[in-house]
Amino acid sequence: MKNVFVEDIAMAEREAAYERGALNGLKFMKVKDGCPGGEKSCLCICIKSTQPNKENEPMDSYFLQTLREICGHLCEMDGVIGSTDPMALYGGLLLRLCRSTSEKDALEEITPWLARDELIVLPLKRRHHTIAGKIGESKLAPPIDVELFVEMGDVHAKVTMTHEFGLFRKADLMSRGINEHRLIEWSKLLSKQKSLSSNQHKLLHDPAFTNMKPWIFLDVDVIERINFGRGTNVRFLNASVPNEKNSGYVR
């Protein structure tokens, strides 16, 4: 896959502040009220969500606070070669935590493989698609998995972000009353560096779409391995057809 490009790092930080994540195995589970738990076997930190900050206000979460602290500790380790800047390391990770950018890049890659004249790949509606002020109306996206470590004097990271897509028949969507123009709008998502347009948002919030199951459920992982010391990285995509979702049972 192409390298990640995020024009607004502050926007990436605001997005990441509303994400659930796992940092070197420590889970940060963010829900509307209380703990999602019941899982006694894992260590998790739960954060109550609040109303979104204004556009230019800084955003934060225990996940991001801990990430910054770990970046600082790694850069101060005796075995780390060179003058690694903790905030540069943190900023580099934020680029990889921007779900909207990662989702768009994944759609760009998977659409040519699967979408044909009668088929279209669309994201399943999740919380990051929801407009400000209605943050609790949608399911949360899968947690982001971040691994940070030092090897041979260099700081390394592996970031895995899972996206939930569906392969839909266009005829099925239009039979539910979804306008064909809204489907055409998705081609713009794949051809321009831009966020979701109003018509794309309307499609994701259309009851005909949100109450409809895709023909085939898809889980798409965007995985990136980064060597911050040497300035190298590799970014790739893994697509799978989850058995439990496509068998009729959806968690």
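Predicted model: local features only at pLDDT ≥ 70, side-chain atom pairs only at ≥ 80, totals over all residues.
## Salt bridges

The model contains 13 salt bridges. One of them joins Glu 108 to Lys 2, with 3.0 Å between the closest N and O atoms. This pair connects distant parts of the chain, since Glu 108 belongs to helix 4 (residues 99-114) and Lys 2 to the segment before helix 1 (9-16), 106 residues apart. Lys 2 has a relative accessibility of 35% and counts as partly exposed, because that value falls between the limits of 20% and 50%.

A further salt bridge is formed by Glu 164 and Arg 126, whose closest N and O atoms are 2.6 Å apart. Glu 164 is part of strand 6 (residues 154-169), while Arg 126 sits in the loop between strand 4 (119-123) and strand 5 (144-151), so the pair ties together parts 38 residues apart in sequence. Both partners fall under the 20% limit for buried residues: Glu 164 has a relative accessibility of 13%, and Arg 126 has 10%.

The side chains of Arg 169 and Asp 172 also meet in a salt bridge, at 3.3 Å from N to O. Here Arg 169 is partly exposed at 34% relative accessibility, and Asp 172 is partly exposed at 27%.

## A network of charged residues

Some salt bridges are linked in a network, made up of Lys 2, Arg 96, Lys 104, Asp 105, Glu 108, Glu 224 and Arg 235. The pair of Glu 108 and Lys 2, described above, belongs to this network. Two further members, Lys 104 and Asp 105, are buried residues of helix 4.

## Helix 4

Helix 4 has 16 residues. The distance from its first C-alpha to its last is 22 Å, close to the 22 Å expected at 1.5 Å a residue.

The buried residues of helix 4 are Arg 99, Thr 101, Ser 102, Glu 103, Lys 104, Asp 105, Ala 106, Leu 107, Ile 110 and Thr 111. In general, an α-helix has 3.6 residues a turn, so residues three or four places apart point the same way.

## The largest cavity

Two cavities of 30 Å³ or more are found in the whole structure. The largest holds about 70 Å³ of space. Its lining consists of Val 4, Leu 95, Arg 96, Cys 98, Ser 102, Val 159, Met 161, Val 222, Glu 224 and Arg 235. Helix 3 (86-96), strand 6 and strand 7 (216-227) are the elements that give two or more residues to this lining.

Sorted by class, the lining of the largest cavity has six nonpolar residues, one polar residue and three charged residues. Arg 96, Glu 224 and Arg 235 of this lining are also members of the salt-bridge network. Ser 102, another lining residue, is buried in helix 4.

## The second largest cavity

The second largest cavity holds about 40 Å³ of space. Arg 99, Glu 103, Pro 123, Leu 124, Arg 126, His 128, His 129, Ala 141, Pro 142, Thr 162, His 163 and Glu 164 line this cavity.

Arg 126 and Glu 164 are both in the lining and form a salt bridge with each other. Arg 99 and Glu 103, also in the lining, are among the buried residues of helix 4.

Notes. Residues numbered from 1 in each chain as written. Heavy atoms only, no water. Salt bridge = Lys/Arg side-chain N within 4 Å of Asp/Glu carboxyl O. Helix = DSSP H or I, 4+ residues; strand = E, 2+ residues; numbered from the N terminus. Buried < 20%, exposed > 50% of the residue type's maximum accessible area, 1.4 Å probe, protein only. Expected span 1.5 Å × (residues − 1). 1 Å grid on protein atoms, 1.4 Å probe; cavity = no way out; pocket = protein on both sides within 12 Å on 5 of 7 lines; lining within 4 Å. Points joined across faces, edges and corners; volume = space filled by probe spheres on them. Nonpolar A, V, L, I, M, F, W, Y, C, P; charged D, E, K, R; others polar.
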